[in-house]
Amino acid sequence: MFLWLLLLILAPGRGHSGVLPKAVLLLNPPWSTTFKGQKVILTCKDFGSPAQEATSWYQSGEFWKEDSDVIKIEKSGYYQCKTPGTSLSNPVHVEFSPAKLILQASYPVFEGDNVTLRCRGEVEENASEKVYYKNKKKINDIYNPDSITLNSVFRNNDEYHCTASRKFLLWSSKETSKPLRIQVQELFPQPVLTARPSQPIEGGPVTLICETQLHPQKSDVQLHFRFFREDQLLGPGWSSSQDFQILTVRREDAGMYQCEAKTVYQSITKKSLKSQIRVQSVPVSDVNLEIQPRGGELIEGEDMVLTCSVTKGTGAVTFSWHLEGTMCLGRKTQYSLLAELRVHAVKEHNAGRYYCTADNNHVPILSKWITVTVRIPVSLPVLTLRVSRAQAVVGDVAELHCEALRGSPPILYQFYHDKVALGNSSTSSRGGVSFNLSLTTEHSGNYSCQAGNGLGAQQSQTVSLTVTVPVSRPVLTLRAPETPTVVEGLVELHCEALRGSPPILYQFYHEKVTLGNKSALSGGGASFNIFLTTENSGNYSCDADNGLGAQHSEEVTLNFRGTSRSRIGLVTGGTVGGLLLLISISLATLAALLPRFRTQGKSGGLPIAGTSCDSSNGCQETSRSRPSNIHLQELPNPEPPAIMEPLYNNVHPEENLVYSEVCSLHHMNKNSANSPRTHWPIKESMIIYSELKKSHTDDSAEECSRNGSFHEDATENYENIPNASATLEQ
């Protein structure tokens, strides 16, 4: 029971039944017992209507006569009366006794009143020594009282009588009265508990009424009331109001009720019979679900409010909320026609179809379905660069893939190269989008992408792309070393790939045996130095590699031979390599170096040594066989060389080849004060020939042509080079 919902309506005690008030029957004299032969006047009173009308009289429960409101009687019996404005009065027993001694009780007497008992003899002067008894027990020791007063009498079966001595002349006798039961009238009848409405509806009010009515002769008496449910007191307790109101009756308020009334001063208390009150309930109807924000479209992170309501329904209603495919989201039971469920910070899994139910112990009623969508802002997109190999190479197809792992579609993706837009693409499915590039060197740089779905754009991190160019076929040339000090007998092998992304690793080979390697961090190729010795004759080549596949140059043949007559011949072979060798080798260096060479039959020969060089780092000695620190300046003075005669090698006469003498070297006697060496006169030191092709189809010829090398015209022949001192010095 919810006591805070109870309300006491204060009102004075009054009748609610609509029954007419009782008529009041008065006696005069006011004694219910008198001696036979005397008369008693009966008066019928209607306190509610001052105008007296015809009165109906009843004797022993039967209609006696209709007369005025005042009549005289002299016959024993039970008398009642009523008027048109009253109901039948309480019966009054009037006794006309033939006894010599009677006990009289005053009339009317009401519950809680004081009553006077009087013991009377037929001849009062002869009655003496009066004694009063209650239930055959002497009431007091007072001797010979004419009357006694009993305090606060109630309706019960107590019997009273009296005794007295009666004198007659010289003798006396003891007389005993007839037992008397005091006619105690109800001050108010037993209350009757009623409810209005008699069958209250759950959720509505109900008023409990404790119905009783004071006797008209006792209208000045104050009554208080209180109410009970299942013997449990309701409200604060005693109150002057006959009404007790429950503003909102619940189903659990049904049960057995009772009320109690009492007088304020006489402490006369009466309880009603128990009355059962049943509470009717109205089933819920018209269940409706509303979602805030309206429309059911939310952005991830927002709060969602689900409001379930009913149009009708009484009592406690149980609301529950459901998402399709899941268990109950929440349940509330309350005395209300609506309830709310708040979902904090919705996520993607909160999207779906929702409904609610309402039930008040009848059949659960379902609402309509409402679809909720949760739009997710795009997350930071991830840009992935996909190529077919570890390094991006010119000509490859690179795929730029941009994907936001979270975000509601459709998502628009934008691609950027160095902050310049490349293009865009929109997708309504997951997985992102791709943008393909056919790579050129201009595609190197920083790439990023942007994703947006109308809820804010997100920019990816920058991804760098370096497009690598594979090395072209390198060109191997022989030339005079670019060293601060001219070293006689030293020849530089220079290997260069005209295309290719650095760093490029160059490998030098003699007869397919590695001489050394050099890495070039920029263009210009790399060099490797060797000494002209008989052991160094043979085929030379080089490799270039920048991690995208090595390229091998054409072989260049270098023959340098000596005989017992100290004859040395140098012939180069190869389609283009020979010409490059002729242009690159400094003739002055060859002229200076040739007198220094001689046969090594006695000493066992000069060790083969080489040095790898480039233009910036100078030279570093390497050895193919064993290390040697012998410099040209440390060699012993040579013997006079024999007459040099041409020695031909690698010559294959064919119809489509043209052979030409490139140069003829003659070293004359030269004395120098600064040189301790002796130079022998040589009429003809060396003659160099080269074979010329009529057409050039290989990569090396093509590259040489681009660099302004020998081949200006595929059918052009070369003439003999003049043997000039200026040329030798170059």
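**Assignments and their criteria**

Reply: Cys308 has a relative accessibility of 0% and therefore counts as buried, the term for a relative accessible area under 20%, with exposed used over 50% and partly exposed in between (1.4 Å probe, protein chains only). The model is a predicted one, in which local features need pLDDT of at least 70 and side-chain atom pairs count only at pLDDT 80 or more, while totals for chains, interfaces and linings use all residues. Residues are numbered from 1 along each chain as its sequence is written, and side-chain values use heavy atoms, with hydrogens and water left out.

Me: What makes Cys308 and Cys356 a disulfide?

Reply: The sulfur atoms of Cys308 and Cys356 are 2.1 Å apart, and a disulfide is a pair of cysteine sulfur atoms within 2.5 Å. The pair therefore meets the criterion. The link of Cys308 and Cys356 is right-handed, with 75° about the S-S bond. Cys308 lies in strand 29 (residues 304-309) and Cys356 in strand 33 (residues 352-359), so the pair ties together parts 48 residues apart in sequence. Strands (E, at least two residues) and helices (H or I, at least four) are DSSP runs, numbered from the N terminus.

Me: Why is Cys356 called buried?

Reply: Its relative accessible area is 0%, so Cys356 is buried.

Me: How many disulfides does a search of the whole structure find?

Reply: The search finds six. In general terms, a disulfide is a covalent bond between the sulfur atoms of two cysteines.

Me: Why is the disulfide of Cys402 and Cys449 called right-handed?

Reply: The torsion about the S-S bond of Cys402 and Cys449 is about 70°, so this disulfide is right-handed. Cys402 belongs to strand 38 (residues 397-403) and Cys449 to strand 42 (residues 445-452), so the link ties together parts that are 47 residues apart in sequence. The sulfur atoms of Cys402 and Cys449 are 2.0 Å apart, and both residues are buried.

Me: What makes Cys328 buried, exposed or partly exposed?

Reply: Cys328 has a relative accessibility of 33%, and therefore counts as partly exposed.

Me: What is noted about the phi of Glu129, and what about that of Lys419?

Reply: Most residues other than glycine have a negative phi, and most peptide bonds are trans. Glu129, which is not a glycine, has a positive phi of about 50°. Glu129 is found in strand 13 (residues 127-134) and is partly exposed, with a relative accessible area of 37%. Lys419 has a phi near 70°, a positive value in a residue other than glycine. Lys419 lies in the loop between strand 39 (411-417) and strand 40 (420-427), and its relative accessible area of 80% makes Lys419 exposed.

Me: Which peptide bond is cis at Pro108, and which at Pro293?

Reply: A cis peptide bond joins Tyr107 and Pro108, with omega about 0°. Pro108 is in the loop between strand 10 (101-105) and strand 11 (109-110). The bond from Gln292 to Pro293 is also cis, with omega near 0°, and Pro293 is in the loop between strand 27 (288-292) and strand 28 (297-299).

Me: How do you know that strand 4 and strand 7 pair?

Reply: Two strands pair if DSSP finds at least two bridges between them. Strand 4 (residues 40-45) and strand 7 have four bridges, in the antiparallel sense, and therefore count as paired. Ile71 in strand 7 is the bridge partner of Leu42. Strand 7 (residues 70-73) has a covered face, Ile71 and Ile73, and an uncovered one, Val70 and Lys72.
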